[in-house]
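Hi,

Here is the structure I said I'd pass along. Have a look first, and my notes on what turned up follow below.

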Amino acid sequence: MDAQEATWHREMWNGQVKRTDMGTKMFCEISPHIMLNSHGAWEKLDSGPTAMSFWEYPLPRIEIAILSTFLSWRFFDVLFKKLGVPIPRFTSMMLVGALLSETFQSSKMSWFRHIFVCDIYMPRVAETIGTFAFVLNWFLRGVTTNIGMVKNFRTRSIVIGVAAMIIPWYIGKLVYTYREKSSDLTMTNIEYSVIILTTSMAPFTCINMLLTDLKVVHTEFGQIAQSSAMVTDVLAFTMTISSQISRDYYSGMRMGLALMVFFVSLYLVRQAMLWVVRHTPEGAPVKNIYIYIGLLLGYLAYIFWDYFLFFGPLGAFVLGLAIPEGPPLGSEFIRRFDSFNEGIFLPLFGSLTMIKLDWSFVIKELGSGRHLHGHTYECLSFLFIIYMAKFTTSFLTAIASRMPLRDSAILGIIMGTKSSFELAYVLYAFDKERISLEVFTLMGIYILINSLLTPMAIHFLYDREKRFASYGERSLKQKPELQMVVCINKPDNITSMINLLRATAPSKESPLMCCVLHLIELVGKATPTFISHQLQKPKPGSQSYSENVISSFQMFQDIHLDYTSIHMFTSLTSTKEMHEHICWFALDKNSNLILLSFHRNWGPSGYGIISDDQTLRNLNRSVLKRAPCTVGILVHRKPIWQPKSVESPCRVCLVSAGGNDDKEALALADHMRGNPKVSLTVLTLIPMSIAEERSGEWSQNQMVDTCLVEERPGDKSITYIVRMVAEGGETSKILHSVAYDYDMFIVGRSSGNGTEATKGLGDWTEFEELGIIGDLLASEDFPSRASVLVLQQQVS
């Protein structure tokens, strides 16, 4: 037994350990580790200097380790937030390990080192808890992942993902081959392979965590980055399996058989979890037994992958994908485990891994200055080459797919980010003795620096005001299908929105896909909740949050079953965040129209204001500023449809005075003309000066977009009216003259802005969100009971 072990036994409390000298070895008849905690101050008073310090016992030791890492990483996290630097949480955890390792160099702090770095005879409790937390973290990342993202892969994401993985991979292989032929290598072939795989990948979980910390995960930019990362993960997995089969056929076949068994089991787990969701009443918590079974399956998947395949945490992540995201099941996993695991236990993994690095080797290499040699030069230069290859490939591919220059640069930076996965993988390779301590140290430092600089670069380059921007134009004129998000704030909005949908005439050529979002204000400090009514059903005998909304729109779908798809959701959130939830939802559902209700409600006769909700007005204005698609505000002054009978024709007037938003109004009118029960009139207001310049030679095709509402021979479903106006007063007179002739007016928000048609009217505008003409039609003094729909195309 060495001196250190002898000291341990000599310092044990008298009477707790019996020793037997067996030549050069000693065996304890009673394990000292059964004594989990000390006897406090009495132990010191009774035994004096021979007594053990309280921190030498296992339980206080692990408690000190957890508390010190928690306080340290929270200090870094708060510090970075105060400085306005968006450093991810896991990076702060790694910094704790680097700081503690440097602290251990002091001889006065040697006792502190023994708390974190266990002796050979002490169980590695802290490391075990850290590994447990890392596996749980990966399982939860799988739970929060929308598996439906795979179905929505676009060509852009696939191309970026494939290029960002394959090209750096082969460049790394070429550099290794060149070095092998031209010089003596200090790194082994396996070490090169580990570095190539680690740096060529862009793990979905790490990118998802980075984008979540930066609060850009729901943007279209974030969706592209995550989709591309998922493609690289699939490629890396496929290439690893293929490489294993090429080296050892029987081992490869064993892995293939294990994968088949796993994915069959995964399918069964998925179906079981969907059954749990369907049988959990809406608003009711999931039974604890299902939570515990899901958690157990996650760790069983880890064990299965670690034994039959490779890198066990990946199995936990894939199993997490089988858990339906969102409420009630997925959100319950996150609510119960995520904050506790990430705040208390996961820091042990990040910090203890960084403590294992050979920092004395790094200090020695830095001391040599420019005379870097051996592992240091060979490893760092190789890392730099692959990183630049990955950045350049991702950047050029994004440019080629018509992404903006700045966003392409950010995407290149994101695809090269390194975090928890890479740190865990190089630790796995080091424990399996596939890489040396020097390479492990250099890789760990590279991952730390990368995770520090990447979010800083993104924060500097990214414009948060454009986080809801869409790269492709999402407008009504782009697609024959109407993909709407209908927002319901109050019960009064239900009838008006359904009547508007009925007027759009869903058909085989122009189907309707509508997501109804019931918005409920969250009061106090309650947790925001999102409910999908496709899976969950109300508890028998109870009433759903959105029962009226669900039944009303379900009835509409039953009538138009062949060409209408209605999906209903409820969002409980604070008023300050409600506009962001709407924009994120529209972006995620690839919608081309958001329908909102005006903040004013009129009396039964259509005259007299009975409510004026300024909170709703602020919501509408915020959505108009940030929406990723066209936005419509419906002013319901009664009736969109004649109240006498649903069979009565709906008289709709489209007012066009020039402007980009008019194209969206025309596109929606073109959908309505397919409804035989809708009588459509296009009222075009032409400034007198323009008419004189063109000598009055204005054909119908010149007044409206020919690809939208154009006159067709024998088509009596639409009427065209053209009026010349010299100033805004004439526009007002024309609109007043037709005020009683229609059930609804449609107008673009920017219609007539800056032209003679609205000259002088802008001074009287009360609600700028409706535009000049829209405000005139919706004003209290306008003698009409017709509803008004104001449309604004996607903000550039």
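Let's start with aspartate 613, which is partly exposed at a relative accessible area of 22%. Keep in mind that this is a predicted model.

Aspartate 613 makes a salt bridge with lysine 490, and their closest N and O atoms are 3.6 Å apart. Aspartate 613 sits in the loop between β9 (609–612) and α23 (614–626), and lysine 490 in the loop between β3 (482–488) and α20 (492–503), so the pair ties together parts that are 123 residues apart in sequence. Lysine 490 is partly exposed too, at 25% relative accessibility.

There are 14 salt bridges in the whole structure. Another one joins arginine 651 to aspartate 743, with 3.3 Å between the closest N and O atoms. This pair also links distant parts of the chain, 92 residues apart: arginine 651 is in strand β11 (residues 650–656), and aspartate 743 is in the loop between α27 (728–737) and β14 (744–748). Arginine 651 is partly exposed at 28%, whereas aspartate 743 is buried at 2%.

For a local example, go to helix α3 (residues 58–83), where arginine 74 and aspartate 77 lie 3 residues apart, about one turn of the helix. Their closest N and O atoms are 2.9 Å apart, in a salt bridge. Arg74, Asp77 and Lys81 are linked in a network of salt bridges.

One last stop is helix α22 (residues 575–588), with 14 residues and a reach of 20 Å from first C-alpha to last. Its buried residues include Trp584 and Phe585. Just after α22, asparagine 590 has a positive phi of about 55 degrees.

Cheers

Key:
Residues numbered from 1 in each chain as written. Predicted model: local features only at pLDDT ≥ 70, side-chain atom pairs only at ≥ 80, totals over all residues. Heavy atoms only, no water. Helix = DSSP H or I, 4+ residues; strand = E, 2+ residues; numbered from the N terminus. Expected span 1.5 Å × (residues − 1). Buried < 20%, exposed > 50% of the residue type's maximum accessible area, 1.4 Å probe, protein only. Salt bridge = Lys/Arg side-chain N within 4 Å of Asp/Glu carboxyl O.
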